[in-house]
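Subject: Structure handover

Hello,

Here is the structure you were expecting. Please open it next to this email; my notes follow below.

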Amino acid sequence: MEITTPADDRILITREFDAPKHLVYRVWTTPELVSRWWSGHRGTTTEVKLDLRPGGRWRYVLKTEDGAEVGFHGEYREIVPDERIVYTEVFELPGVDPDDVDGPLITVTFTALDGDRTRLELLTETGSEELRDTILQSGMEVGVREQFVIIQELADSLR
């Protein structure tokens with residue numbers, strides 16, 4: 001996995017999976033499978049709701065080992081099955097109306113490689129350098145690495 005900052009307001013995470021892109025896409029978009037990888041090893045995913053269509057909404061909640069609930073939600077902007085998903089992502093803060101917050105724009109691209117492999121690129125457009133740096137300093141790298149290991153395991157199990 002590689003994390004780069006191609007612009008002041010962007011984070012690009014790239015990883016290759018040893019699985020065909022339709023399986024990686026399936027793991028990314030199937031609620032029962034998302035519930036198994038979303039929390040990584042940081043707790044338990046307690047809610048996965050997704051309406052996978054432009055204008056559809058999604059929400060994921062994880063319960064950490066110390067009992068805290070952490071929620072994220074957003075809206076799908078573009079869906080190209082097995083190719084690309086574009087959506088917003090809002091971190092839910094206690095006491096803040098989630099509809100009053102604009103989150104980063106996320107673009108996930110699934111590219112077929114030789115040998116039934118897939119390159120996944122996850123581009124986060126934050127809108128500011130400050131938010132980009134906050135996300136990078138949040139410890140997200142460890143969680144994403146854990147998620148990607150589980151995604152590989154789930155894709156393997158679907159073969």
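A residue is called buried under 20% relative accessible area, exposed over 50% and partly exposed in between, using a 1.4 Å probe and protein chains only. By that scale Glu125, at 23% relative accessibility, counts as partly exposed.

This is a predicted model, in which local features need pLDDT of at least 70, side-chain atom pairs count only at pLDDT 80 or more, and totals for chains, interfaces and linings use all residues. Residues are numbered from 1 along each chain as its sequence is written, and side-chain values use heavy atoms, with hydrogens and water left out.

Overall layout

The chain has four helices and nine strands (DSSP runs numbered from the N terminus: H or I of at least four residues for helices, E of at least two for strands). Read from the N terminus, the order is β-β-α-α-β-β-β-β-β-β-β-α-α. The radius of gyration is 15 Å, close to the 15 Å from the globule rule for 159 residues, so the chain is as compact as a globular protein of that length. That radius is taken over C-alpha atoms, and the rule is 2.2 Å times the number of residues to the power 0.38. Along the principal axes, the C-alpha atoms fill a box of roughly 45 × 35 × 30 Å.

Of the 159 residues, 40% count as buried. Among contacts (heavy atoms within 4.5 Å) with a separation of 6 or more, 49% join residues 24 or more positions apart.

In soluble globular proteins, nonpolar side chains tend to be buried together. A nonpolar core here is a set of buried Ala, Val, Leu, Ile, Met, Phe, Trp, Tyr and Cys residues joined through side-chain atoms within 4.5 Å. The largest one holds 34 residues, of which Trp28, Trp37 and Leu120 touch the most other members. Helix 4 (residues 140-157) gives this core its largest share, seven residues.

Not counting residues up to four places away in sequence, Trp37 touches Val27, Trp28, Gln147, Ile150, Ile151 and Leu154.

Strand 9

Leu122 lies in strand 9 and is buried, with a relative accessible area of 11%. Leaving aside neighbours within four places in sequence, Leu122 contacts Ile11, Leu12, Ile13, Trp28, Ile106, Thr107 and Val108. Leu122 and Val86 are 36 residues apart in sequence, with 9.7 Å between their C-alpha atoms.

Glu125 also belongs to strand 9 (residues 117-125). With neighbours within four places again left out, Glu125 is in contact with Asp9, Arg10, Pro104, Leu105 and Thr107. The C-alpha atoms of Glu125 and Thr88 are 9.4 Å apart, across 37 residues of sequence.

A loop residue

Asp102 sits in the loop between strand 7 (90-91) and strand 8 (105-113). At 76% relative accessibility, Asp102 counts as exposed. From Asp102 to Gly74 the C-alpha distance is 9.0 Å, with the two residues 28 apart in sequence.

Regards
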